[in-house]
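Visitor: I'd like a walk through this model, feature by feature. Could you tell me how to read each one before you show me the case?

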Amino acid sequence: MLFPVALSFLVAILGISLWHVWTIRKPKKDIAPLPPGPHGLPIVGYLPYLGTDNLHLVFTDLAAAYGPIYKLWLGNKLCVVISSAPLAKEVVRDNDITFSERDPPVCAKIITFGLNDIVFDSYSSPDWRMKRKVLVREMLSHSSIKACYVLRREQVLKGVQNVAQSAGKPIDFGETAFLTSINAMMSMLWGGNQEGEQKGADVWGQFRDLITEIMVILGKPNVSDIFPVLARFDIQGLEKEMTKIVNSFDKLFNSMIEERENFSNKLSKEDGNTEAKDFLQLLLDLKQKNDSGISITMNQVKALLMDIVVGGTDTTSTMMEWTMAELIANPEAMKKVKQEIDDVVGSDAAVDETHLPKLRYLDAAVKETFRLHPPMPLLVPRCPCDLSNVGGYSVPKGTRVFLNIWCIQRDPQLWENPLEFKPERFLTDHEKLDYLGNDSRYMPFGSGRRMCAGVSLGEKMLYSSLAAMIHAYDWNLADGEENDLIGLFGIIMKKKKPLILVPTPRPSNLQHYMK
Ligand code: HEM
């Protein structure tokens, strides 16, 4: 008697459980399915199949198999990859606010003084708005960028002068470009009043080394991001390394700030003049002024400095290297760029920023390089703050969304002969495309509310340094070197092999940079 009762009880429990599972798993009528995607392994998901380099290429191959929107699991993280212009538009324009969150990696939280920066802070935080306003409207406004032009120009001239020491010898062009852009950036950040050239050079050298280390660590996949439950063990030791770096940065920032505060006090006592044009002073002034309605903490000041130094230097110099590499590989285009610079600047002066609007072919060549080699081929991943729908598929809240602009900017349906370097396309059929992300076929600086905050400064630094180098020297590939145009995926996609070139001075032009 007892047995049939127990059996019916068990059947009832099983029935209820099955019904429960069925109702949970069964997609609700009005909720679209998740995008298709490859199967992975239990626990680790698709992670073992991603390989160790060139994630954008793996993602592009998967798009050929699964379509312009697909999902994959990396550990227990759901990721969605978008690889077509119309779907990218749905994300960054039509649903911009929903997709304006980030999903910051553990190491990014450390290096940004606890998400006190702009790149990784949450869109919904009022602080993010305030910081972005400070950077875009105060520090990088048209008048501020103009005001620190002298500091930038001095470093471009120095960059050209430094190359003169290696005339006729092979040099690593990427390294030269990096030195020029970090020096220009540091000068704008801090250069107005630093005491002692040598001291400045030493500190800038330390920044340079630290930035390189940050890029290496941020570029490594971190087990703590994929399995957050393991984060406290820091299995690869990356968080420990990043903490060391942020401590070094902190020391450098503290000494810069202290030195500046002492210097400003001294000045104001001596002659009542506290005005300085560099970014550090602008930030410190804002921190002190309460009447501006902006209340910024010291950690936010440091994190903003970090965004500028890290976000603005490697990107700019990497693009100098890629553009030079494409011009070396395409001598006809190089000839046109050089001819245009010679026509506009002549041999009576050095390149300066007033020449840039007239260098239309150079502009087209740089844009074409951004198309083929965007330094952030997957942008900075987005994260929806709510369940959303893209291309008829559900993208749940918290999904990490990659926009594969590398794939979109080489899509044969959008670009004629997409693999060819053809600057002319930006003078004819694609003349209207710019860096503002209004057209989802082309967005090397991103798009929408989270697009790059430093476009105009990055553009000025890149164009003026490159034009000056081409004006002052002829550049040729060093003997035995290859110019292979292959990228290596990382937080910034650089050339896999460095570009080793031999500079030959163009004496009548070079003299204007040596003063
Ligand atoms: C060639 C130079 C540069 C390139 C290619 C570049 C590219 C990018 C990209 C692709 C993003 C992500 C956009 C998105 O998610 O849609 C970004 C974000 C950002 N960039 Fe740049 N960038 C450059 C220069 C600069 C400079 C010079 C600065 C500052 C002085 C800067 C500051 C930022 C900041 C603060 C963000 C985060 C914006 C946010 O999340 O709200 N960048 N950049």
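Guide: Here is a tour of the fold, the ligand shell, the salt bridges and the backbone.

Guide: Some ground rules before we start. This is a predicted model, in which local features need pLDDT of at least 70 and side-chain atom pairs count only at pLDDT 80 or more, while totals for chains, interfaces and linings use all residues. Residues are numbered from 1 along each chain as its sequence is written, and side-chain values use heavy atoms, with hydrogens and water left out.

Visitor: How many helices and strands does the chain have?

Guide: Helices (H or I, at least four residues) and strands (E, at least two) are DSSP runs, numbered from the N terminus. On that reading the chain has 18 helices and ten strands.

Visitor: And what share of the chain is buried?

Guide: Buried means under 20% relative accessible area, exposed is over 50%, and partly exposed is in between (1.4 Å probe, protein chains only). Here 52% of the 515 residues are buried. For contacts, think heavy atoms within 4.5 Å. Take the contacts between residues at least 6 apart in sequence: 75% of them join residues at least 24 apart.

Visitor: On to the ligand. Which residues are closest to it?

Guide: A residue is near a molecule or strand if one of its heavy atoms lies within 4 Å of it. The ligand has 31 residues around it, and the closest are R102, R132, R382, R450 and C452.

Visitor: Which distances go with the arginine side chains there?

Guide: Look for polar contacts: pairs of N or O atoms within 3.5 Å; within protein, one must be able to donate a hydrogen and the other to accept it, and residues adjacent in sequence count only if both atoms are side-chain atoms. R102 has a side-chain N or O atom 2.9 Å from a ligand oxygen. For R382 the distance to a ligand oxygen is 2.7 Å, and for R450 it is 2.9 Å. As for the elements, α5 (126–139), α13 (298–329) and α17 each give two or more residues to the shell. α13 gives the most, with six residues.

Visitor: Which residue does UniProt list for "binding site"?

Guide: A word on records: UniProt positions are given in the numbering used here, feature names are shortened, and annotations may be inferred rather than shown by experiment. The unreviewed UniProt entry lists C452 as "binding site". C452 sits in the loop between α16 and α17 and is partly exposed, at 34% relative accessible area. Leaving out residues up to four places away in sequence, C452 touches R132 and F445.

Visitor: Salt bridges next. How many are there?

Guide: The rule asks for a side-chain nitrogen of Lys or Arg within 4 Å of a carboxyl oxygen of Asp or Glu. That gives 23 salt bridges. One of them pairs K89 with D94, closest N and O atoms 3.2 Å apart. K89 is partly exposed at 40%, and D94 is partly exposed at 47%.

Visitor: Which parts of the chain does the D96–R449 pair link?

Guide: D96 and R449 form a salt bridge with closest N and O atoms 3.1 Å apart. The pair links distant parts of the chain: D96 is in the loop between α3 (85–94) and α4 (106–111), R449 in the loop between α16 (405–408) and α17 (455–472), 353 residues apart. D96 is buried at 7%, whereas R449 is partly exposed at 35%.

Visitor: Are K495 and D484 buried or exposed?

Guide: K495 and D484 are both buried, and their side chains meet in a salt bridge at 3.7 Å, N to O. K495 lies in strand β9 (residues 494–495) and D484 in the loop between β7 (473–477) and β8 (487–488), so the pair ties together parts eleven residues apart in sequence. Salt bridges that share partners also join K338, D342, D474 and R506 into one network.

Visitor: Last, the backbone. Which phi value does L379 have?

Guide: Most residues other than glycine have a negative phi. L379 has a positive phi of about 50°, though it is not a glycine. L379 is in the loop between α15 (360–372) and β4 (388–390) and is buried at 14%. N417 has a positive phi too, about 40°, and is not a glycine. N417 lies in the loop between α16 and α17 and is partly exposed at 41%.
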